[in-house]
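Here are a few friendly notes to read alongside the model. Please keep the structure open as you go through them.

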Amino acid sequence: MDIRRLDQGEPLPLELLLLADPSEQLVLDYTARGQCYIGIVPGEMEEIPGDTDVMTGEIAGVYVLLPTRPETVELVNVAVSEQFQGRGYGKSLVQDAVKRAREQHYKTIEVGTANSSINQLALYQKCGFRLSGIDKDFFLRHYAEEIFENGLQALDMIRMTQDL
């Protein structure tokens, strides 16, 4: 998977971002303030008129880095298209985010996920994040609709950090 920053003027992969965050308004807000990266899975060779053959592909995943405080950036959205899940792309996206945050000279990277996001909690810990706090009732305060996953209601935001 090739991971690159979304170019200015390129359409936002909104449908994919909404897999990780069901609030379109929140997604539009933080993508406008942050850096959006996409992971592309190579596809077919395609001839472009007036150009050479280029590799086309499909967006398999996305993440957003959002500066929050001096020397701190937050990984606010990591999503992998359902057809590409279970192939390690989520881990690749998180590792890429950590690498880019380090390259941009941040000292700390943070991530938050719901108490009900069991797979994400495991993934972030495997990628070097440590538990750092709980924002109680976050999802009740910030989302009009109830969110359920893994048979649990998303109530609290579990905060995790990694020193870079």
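Predicted model: local features only at pLDDT ≥ 70, side-chain atom pairs only at ≥ 80, totals over all residues.

1. After H3 comes His-105, with a positive phi near 70 degrees.

2. The largest nonpolar core holds 27 residues, and those touching the most other members are Tyr-63, Leu-65, Leu-75, Val-94, Ile-109, Tyr-124 and Phe-129. Elements that each supply at least two of its residues include strand S4 (72-80), strand S5 (108-114) and helix H4 (118-126). H3 gives the most, with six residues.

3. Setting aside neighbours within four places in sequence, its contacts include Tyr-63, Leu-65, Val-94, Ala-97, Ile-109 and Tyr-124. Another core lies apart, with twelve residues, among them Leu-6, Leu-17, Val-27 and Ile-38.

4. Of its 44 lining residues, Ala-20, Val-78, Thr-113, Gln-120 and Tyr-124 are the closest to its centre. S4 gives the most to this lining, with seven residues, and the lining divides into 23 nonpolar, twelve polar and nine charged residues.

5. The second largest pocket contains about 210 Å³ of space. Its lining has 13 residues, with Leu-6, Leu-12, Thr-31, Gly-34 and Cys-36 nearest the centre. Helix H2 (24-33) and S2 each supply at least two of the lining residues, and H2 gives the most, with three.

Conventions: Residues numbered from 1 in each chain as written. Heavy atoms only, no water. Helix = DSSP H or I, 4+ residues; strand = E, 2+ residues; numbered from the N terminus. Core = buried A, V, L, I, M, F, W, Y, C linked by side-chain atoms within 4.5 Å. Buried < 20%, exposed > 50% of the residue type's maximum accessible area, 1.4 Å probe, protein only. Contact = heavy atoms within 4.5 Å. 1 Å grid on protein atoms, 1.4 Å probe; cavity = no way out; pocket = protein on both sides within 12 Å on 5 of 7 lines; lining within 4 Å. Nonpolar A, V, L, I, M, F, W, Y, C, P; charged D, E, K, R; others polar. Points joined across faces, edges and corners; volume = space filled by probe spheres on them.
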